[in-house]
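Reader: Got a model open here and a few quick questions about contacts, cores and sheets. Can you walk me through it?

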Amino acid sequence: MDGYVKFLQQTPPEVAALFRDLLIGVTNFFRDPEAFRIFEEQVIPKLFSGKPAGSILRVWTPGCSTGEEAYSLAILFQEHIEALKQSYKVQLFATDIDSNAIATARNGVYPSTIAVDISPERLPRFFSTEPDGGGLRVQKVLRDMLVFSEQNVIKDPPFSKLDLICCRNLLIYLNGDLQKKLVPLFHYALNPGGYLFLGTSETVGEFGDLFATLDRKQKIYHRKDVFNAQRLPLAQFLPSLGVGDAGAPKSAEKTSPVGKLPLRELTEQTLLKQFDPVAALVNDKGVIFYLHGRSGLYLELAPGEVGALNILKIAREGLQRDLTTALHRAAKTKEIVQCTGLRVKTNGDFTTVNLTIRPVAMEIGEAVETNLYLVILEHVTPTMQAQHKLVTQDACHDIIDNMHSDTHINALQQELRNKEEYLQTALEELETSNEELKSSNEEMQSVT
């Protein structure tokens, strides 16, 4: 266990992998069909009853996982709106703590095996087949109802002024204390007369004074309009200032070890003094996890708010294009990529630098399975340039002149290939940026 803790501290992707392993994302379309049938017959008509045409129905599905249950609700809402032959707007906020699950839900593409959970009438009506046979995509009419957002239901503020909360099979994974916090929170978030739809193994527990039972077997509840201390539970979900440090014991000062340094550490320290490049540990998108050395010569922070730093966006002039292309190539081939003699503009002057991108393996000899890369920037001194030029001149002194034209053509062809690769990388980054912009837009909608 101690070894694994140390491994977690040294390997950021493993922390995320462990977190995902602890989550349980079991879900499917119309899970518990009988519960959804009762919900469709008894609750959906009441949700629209009394609402004028053009009004908004607000729904929240915490713990939505990969989105199947949220899209199931959207199907029922769309069918009812079409049956009413009136115009309504449904805002369905679907949230989960798992960012990967939210990404899948946002994409809205599912394997063809979902046909076992969706009726033959609904399948062609609400899904389209992907051109490459890669699955079934949710139709736009459903996707436009949903706003997916990453959220920790225990710590983050809830949505409010809701007509319905569908929280199925989440409470069963929480202990009694957390359930006692969430049920009053759901009461707080619902409008008067709002509905709560739980999983078949869940109940409102001791909060019968907050919710009336509409269907005991299918766990459908109706919000009671009560006014007491339990009506305002929001404060208990807001973390207090310094909560992470208040009770933490102060670590004792480290004392210098007595005796000689271990031979490995002594060797590493000596090498660092002799060879101390700037390095950055990044993922395949360029997001920086760790910086080593004085990076100001090559990286430049833009003014304004600083979020997750991306090395491709803060690289100085003369470095950005080759760095983007090299990282893309390293991510694609999982091989070391080197670019020498790059001239980087720094404070009105130019600095020559050698760029190396090395895929990071988890252990020596282990295949690279993660998307981490070490970007190494080595400053080229005038002495090194002179030595390189001298060696090149000595090595090439006897090469015949008629090879110059072929060499020049090869150089131009290589430059053209580099530019084509850079253009392809830029196009892929544009597509990624568009997806991120769409996700950010949904996050903003969830906040409002």
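**Contacts, cores and sheets**

Author: Start with Lys 89. Beyond its neighbours within four places in sequence, Lys 89 is in contact with Ser 55, Ile 56 and Leu 57. Contact means heavy atoms within 4.5 Å.

Reader: Before we go on, what are the ground rules?

Author: This is a predicted model: local features need pLDDT of at least 70, side-chain atom pairs count only at pLDDT 80 or more, and totals for chains, interfaces and linings use all residues. Residues are numbered from 1 along each chain as its sequence is written, and side-chain values use heavy atoms, with hydrogens and water left out.

Reader: Fine. Which strand holds Lys 89?

Author: Lys 89 is in strand β2, residues 89-96. Helices (H or I, at least four residues) and strands (E, at least two) are DSSP runs, numbered from the N terminus.

Reader: What does Gly 54 touch?

Author: Ser 87 and Tyr 88, leaving aside neighbours within four places in sequence. The C-alpha atoms of Gly 54 and Tyr 88 are 4.6 Å apart, at a separation of 34 residues along the chain.

Reader: New topic. At what angle do α1 and α2 pack?

Author: About 115 degrees, for α1 (residues 2-10) and α2 (residues 12-22), with axes 5 Å apart. Axes are lines fitted to C-alpha atoms, for helices over the stretch in contact, and angles run from 0 to 180 degrees between N-to-C directions. The two helices, α1 and α2, are therefore roughly perpendicular. That label covers 65 to 115 degrees.

Reader: Which residues make that contact?

Author: From α1, Tyr 4, Phe 7, Leu 8 and Gln 10; from α2, Pro 12, Glu 14, Val 15 and Leu 18.

Reader: Now the largest nonpolar core. Which residues touch the most other members?

Author: Phe 39, Phe 48, Phe 77, Leu 92, Phe 127 and Phe 148, out of 44 residues. Helix α5 (residues 68-84) gives the most to this core, with eight residues. A nonpolar core is a set of buried Ala, Val, Leu, Ile, Met, Phe, Trp, Tyr and Cys residues joined through side-chain atoms within 4.5 Å.

Reader: And Glu 69, buried or exposed?

Author: Buried, at 11% relative accessibility. Glu 69 is in helix α5. Among its contacts beyond four places in sequence are Arg 31, Cys 166 and Arg 168.

Reader: Last one, the open sheet. What is its strand order?

Author: β12-β11-β15-β14-β13, five strands with antiparallel pairing. The edge strands, β12 (288-292) and β13 (337-346), each pair on one side only. Twist averages 25 degrees from one strand to the next. Two strands pair if DSSP finds at least two bridges between them.

Reader: How many bridges join β14 to β15?

Author: Seven, between β14 (residues 349-359) and β15 (residues 372-379). Pro 359 stands opposite Tyr 373 in β15.

Reader: Which helix lies across β11, β13, β14 and β15?

Author: Helix α12 (residues 320-333), which runs at about 10 degrees to β14.

Notes:
Angles under 35 degrees count as roughly parallel, over 145 as roughly antiparallel, 65 to 115 as roughly perpendicular and the rest as oblique. Buried means under 20% relative accessible area, exposed over 50%, partly exposed in between (1.4 Å probe, protein chains only).
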